[in-house]
Amino acid sequence: MSTVTYTGILLALVATTAYNVGLILEKRALGQMAALDIRRVLRVVGSLMTSRAWLGGFALMLTGLACQTIALTFEPVSVVQPVLASGVVLVLVLSRLVLRERLHGGETWCVAAIAVAVVLLAMSATGAKDSHHASPGWVAAIMVPSAVVGLVFAAGALRARRRGTAVAGVWAGVGTGLLYGVAALAIKALSGILVRHETVANIVVAVLTSPYLYVLGGSLAVAMLLFQAALQAGRASIVVPVSNVTGSVYFIIAGTWLFHEHLPASPGRLVLRLAGIALAVLVLVVLGRQAPEPVPALAAADPVMAGAQELAEVRR
């Protein structure tokens, strides 16, 4: 293994550590806030932007994303992606040690299976040259319904919290994962602009006039707000892995078809990919059938009290 590869692996480790520690810090900061109401977007943004603890976690996440970009620039996906995928395990460990979260019943096995599924999908990456061309009509036909379904799932799960029925963390994770997957497809489509244009001026004009730029911005903004609300309302050990694996599976399936990419030629990698997808889908179905967490009536009636009760639960 070359020195460059060792450096890439080390950078990927730094990236996944920074990103996932940032998530845990965000979750802890969210537990100290009043309940986020996604119907009042400006108030939600104001609450996040005025929380130093949340901003610290967010800055750490951005640092992780920057390191991830650098690592993927100099190393093949097949080297970097399995290391990045291992961050799911780090989230599970930190959610137990730092947030004192507990998984109940079959949730432990389901979340462990999610971690395995993410690693299997990452290990199936081939590092082959990507295709960047896709039919705009087909991309829109996939993106729009996916974004609508993701919004309905995530918003519906959060509305259940306000009604005092349950916090369906798994469905909030599925919804935000779909929205992040739509953003990933937009990034993939935008990357084709870099391939087809040579001068900086042409690239800038093409990017600014591309609808994918605005799909990317919109889906990321909505996904982030819903994800923060879901992270506050639910457990990081459920929301984060479910969102992660949903986004990964969606992007692999939709991206492979839309951009005319081939399945892995190696039988071993093909088995890893199919096994990862099958395991992820199975786990999401099983988790969706688990009994949801009850929400105290008092917490549902009073958002401030909800935040205080969540903080107390975290501290326990």
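## A buried ring and its partner

Phenylalanine 227 counts as buried, at 6% relative accessibility. The cut-off for buried is under 20%. This comes from a predicted model.

Tyrosine 180 is partly exposed, with a relative accessible area of 30%. The rings of tyrosine 180 and phenylalanine 227 have their centres 6.1 Å apart. Their planes stand at 70 degrees, so the pair is edge-to-face. Tyrosine 180 sits in helix α8, and phenylalanine 227 in helix α10 (residues 211-233). The pair links distant parts of the chain, 47 residues apart.

## A second ring pair

The structure holds four aromatic pairs. In one of them, the rings of phenylalanine 153 and tryptophan 171 have centres 5.5 Å apart and planes at 80 degrees, so this pair is edge-to-face. Phenylalanine 153 lies in helix α7 (residues 136-162) and tryptophan 171 in helix α8 (residues 169-196), so the pair ties together parts 18 residues apart in sequence.

How accessible is phenylalanine 153? Phenylalanine 153 is partly exposed, with a relative accessible area of 32%. Tryptophan 171 is partly exposed, with a value of 36%.

## Two packed helices

Two packed helices are described by the angle between their axes and the distance between the axes. Helix α6 (residues 107-123) packs against helix α11 (residues 236-258) at an angle of about 35 degrees. Their axes are 10 Å apart. The crossing of α6 past α11 is left-handed.

Residues of α6 in the contact include Val111, Ile114 and Leu121. On α11, they include Ile238, Val245 and Ile252. The residues of this contact divide into eleven nonpolar, three polar and one charged.

How values were computed: Residues are numbered from 1 along each chain as its sequence is written. This is a predicted model: local features need pLDDT of at least 70, side-chain atom pairs count only at pLDDT 80 or more; totals for chains, interfaces and linings use all residues. Side-chain values use heavy atoms; hydrogens and water are left out. Rings of Phe, Tyr and Trp (its six-membered ring) pair if their centres lie within 6.5 Å; planes under 30 degrees apart count as stacked, over 60 as edge-to-face and the rest as tilted. Helices (H or I, at least four residues) and strands (E, at least two) are DSSP runs, numbered from the N terminus. Buried means under 20% relative accessible area, exposed over 50%, partly exposed in between (1.4 Å probe, protein chains only). Axes are lines fitted to C-alpha atoms, for helices over the stretch in contact, and angles run from 0 to 180 degrees between N-to-C directions. A crossing is left-handed if the near helix is turned anticlockwise from the far one by less than a right angle, and right-handed if clockwise. Contact means heavy atoms within 4.5 Å. Ala, Val, Leu, Ile, Met, Phe, Trp, Tyr, Cys and Pro count as nonpolar, Asp, Glu, Lys and Arg as charged, and the others, Gly among them, as polar.
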